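Colleague: I'd like a close look at one part of this model and how that part is held against its surroundings. Could you walk me through it?

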Amino acid sequence: MKRKPSSSRATCNGGLTGRQLNLSFTGYLDASTLPYLWGEVRRHLSHKGIESIVVDGSRIDYCDGAGTGLLVYIRQTARRLNAAVEFQELDSGTAGLLAQYPADKLDVRSEKKGQPTNLVWEVGKVFCETLNGLKEHIAFLGELAVGLIRAMLHPGSLRMKDFLLVAENSGAKALPIIAMLGFLVGLILAFQGAVLMKQFAAEIYIADFVGKAVVRELGPLITAIIVAGRTGSAFAAEIGTMKVNEEIDAFTTMGLDPVRFLVIPRVSAATLMTPLLAVLTNLSGMVGGALVMVGLGFPVITYVNRVLAAVTLSDYLGGLFKALVFGLLVSCAGCLCGLRTGEGASAVGSSATRAVVSSIIMIVIADGIFAVLFYFLGI
Amino acid sequence: MNGNETIIKVENMTARYGDRLVLDSLSFGVNRGEIFVILGGSGCGKSTMLKHMIGLYKPASGDIKIGDVSIVNANGAERDALIRRFGVMYQSGALFGSMNLLENVCLPLEEFTDLKREARELIARMKLSLVGLAEYAHHMPSEISGGMKKRAAIARAMALDPEILFLDEPSAGLDPVTADELDELIIRLSRTLNITFVIVTHELPSIYKIADRVIMLDARTKKIIAEGKPGELREIHEDEWVRNFFNRKGGGE
């Protein structure tokens, strides 16, 4: 609780005699009285033409580190005003505290602050950093491509234990949430569709609508977003923590390639799992749609037949292919953000955030590209 | 120690972080079989020096040679061969958290030798017993204490019988008894296996106990301020700050 600045525990009296400012304190100089005292001292120090300051400390009952701050403030202000300052009758404890802070040590400018900055310099710096970041991205993609091709050609070189562990974590363990979200998305779509279609007595086409929309678009998209949130961020945090703990350095100095050890199993497992998860999203989306249709009085078999007629194999495979690409993008982004983690615990957090944000941006961009591509390919 | 063959040569090496100069044109050599300590106050660039020596960072200028091969300019294959010659223990141990101690020590053997699993595990167990952790082989790194992690990291660094071990602050953050045990271990390994040690530390008791030779880095001039045997530096070095450091006295600045 913040205490009200009180004048009951401490006072500050001041007055000008000629060009000399006399300040005298009584009572307790600590953090609770300081807000009041500081204001008083400021007021006294704002007088014009002060040439010397005399501080009478004979009636100070107690002065701690915060109180000393006030005395240091008086001394620094005096220096700025080119005024002489004298502390009279400070008890030895307070004088000792004050002596701990010699003026020349306090006024040292921080090394970092002193750096010259201007717009050109800043712009140049950001440009160089971006360029370096881009170089790292390209190098990483190259390493990754080589590693993935090698893993495909020699599956034996893949670290199977890690691969299976990641597959379990990013695939099997995501099933419940994927099923639930798929179901809800199907349900909501069908429901929204029902409201619209009812006006035209065309409710039966809800099946076509839900089928196409989920299989082609929403199934892969929802899956990829879940994978980005669950798996991409986990990759970034895991690898980032390893970076902070010098484990990545340890790999390097043991002559082991961190990309091969950490990135390849993760990327390949997550990439393969995403389309499989998308299968479940599609299926549960259909179930959600069916529920609404049954509610509207259609038999299930009618719904199923409509969906089967509307959704072609190329719709289905196109959707799964999209999911595969999304999975690749998300896992790459996660691993890259992890490897680029800076120092300290907060860096791990920001890597995880960056992984999710850049994943989702890339998913949406890729989805747009796919939409154009599929349109021209007639899929 | 035996012979005076210089195994690591640092030649006019300068290190920078961006615009900031960290180490200015350092030159020194490490002899085969000795325990060589890099020391200095906090923030003087000890760990930076080490990271340059193991090739993690590239110096702004100058060269570092292990044997006769420059680690700065080594190409892929040369670098792989060089890396095989030394082991590194990082400040935090840097054990791989997803593997138990045995798997951690086995990993380099698995990657760089054609040994069968049985042989790998036996060798890994031998290394663990060397550092007194045989009974913890199946513990995960998160289940053991800080001192044990450092010892396990030494075992892993020794997996491929390197000529040189780099240790980054081996006894920092350990209680005096554990730190002393670690020092004993270093001396034992140095005497029996003739491993060259390069150690970064500022733990004085440990320096007096183990160091054959030290260099001391200075945060102000970014150069080597003293070089020699720790006992001599404490008694007779001309710089007061150095004598104060070795006598553990403040106020020398």
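How far apart do the C-alpha centres of domain 1 of chain B and domain 2 of chain B lie?

Modeller: The C-alpha centres of domain 1 of chain B and domain 2 of chain B are 26 Å apart. The contact between them (heavy atoms within 4.5 Å) draws on 13 residues from domain 1 of chain B and ten from domain 2 of chain B.

A word on conventions before going on. This is a predicted model, where local features need pLDDT of at least 70 and side-chain atom pairs count only at pLDDT 80 or more, while totals for chains, interfaces and linings use all residues. Residues are numbered from 1 along each chain as its sequence is written, chains are lettered from A and ligands numbered from 1 in the order in which they are written, and side-chain values use heavy atoms, with hydrogens and water left out.

Back to chain B. Domain 1 is made of two stretches, 1-85 and 166-253, and domain 2 covers 95-161; these bounds come from an automatic or database domain assignment. The two domains bury about 930 Å² between them, with 74% of it on carbon and sulfur atoms. Buried area here is the accessible area (1.4 Å probe) that two parts lose on being put together, summed over both. On the domain 1 side of that contact, helix H6 (residues 176-193) of chain B gives the most, with six residues. Helices (H or I, at least four residues) and strands (E, at least two) are DSSP runs, numbered from the N terminus. That side of domain 1 of chain B divides into nine nonpolar, one polar and three charged residues. For those classes, Ala, Val, Leu, Ile, Met, Phe, Trp, Tyr, Cys and Pro count as nonpolar, Asp, Glu, Lys and Arg as charged, and the others, Gly among them, as polar.

What about specific pairings across the domain interface? The rule finds zero salt bridges there, a salt bridge being a side-chain nitrogen of Lys or Arg within 4 Å of a carboxyl oxygen of Asp or Glu. One residue pair is in polar contact across the interface of domain 1 of chain B and domain 2 of chain B, with both residues at pLDDT 80 or more. A polar contact is a pair of N or O atoms within 3.5 Å; within protein, one must be able to donate a hydrogen and the other to accept it, and residues adjacent in sequence count only if both atoms are side-chain atoms.

Now for how chain B sits against chain A. The area buried between chain A and chain B is about 1,700 Å², and carbon and sulfur atoms give 57% of it. A:Glu246, A:Thr253 and A:Met254 supply 36% of the area that chain A buries against chain B, more than any other three residues. In residues, the contact takes 18 from chain A and 24 from chain B.

Charged pairs do turn up here: the count between chain A and chain B is six salt bridges. One has A:Arg159 with B:Glu110, the closest N and O atoms being 3.8 Å apart. A:Arg159 and B:Glu110 also belong to a network of salt bridges together with A:Asp162, A:Arg260 and B:Glu111. In another salt bridge, the side chains of B:Lys51 and A:Glu246 meet at 3.4 Å, N to O. B:Lys51 lies in helix H1 (residues 46-53) of chain B and A:Glu246 in the loop between H8 and H9 of chain A, so the pair joins two chains. B:Lys51 and A:Glu246 are both buried; buried means under 20% relative accessible area, exposed over 50%, partly exposed in between (1.4 Å probe, protein chains only).

Between chain A and chain B there are also seven residue pairs in polar contact, both at pLDDT 80 or more. Helix H9 (247-253) and helix H10 (258-295) of chain A each supply at least two residues of the side that touches chain B. H9(A) has the largest share of that side, six residues. By class, the side of chain A that touches chain B holds seven nonpolar, four polar and seven charged residues.

For one residue within H9 of chain A, take A:Thr252. A:Thr252 is partly exposed, at a relative accessible area of 27%. Leaving aside neighbours within four places in sequence, A:Thr252 is in contact with A:Pro258, B:Leu56 and B:Ile83.
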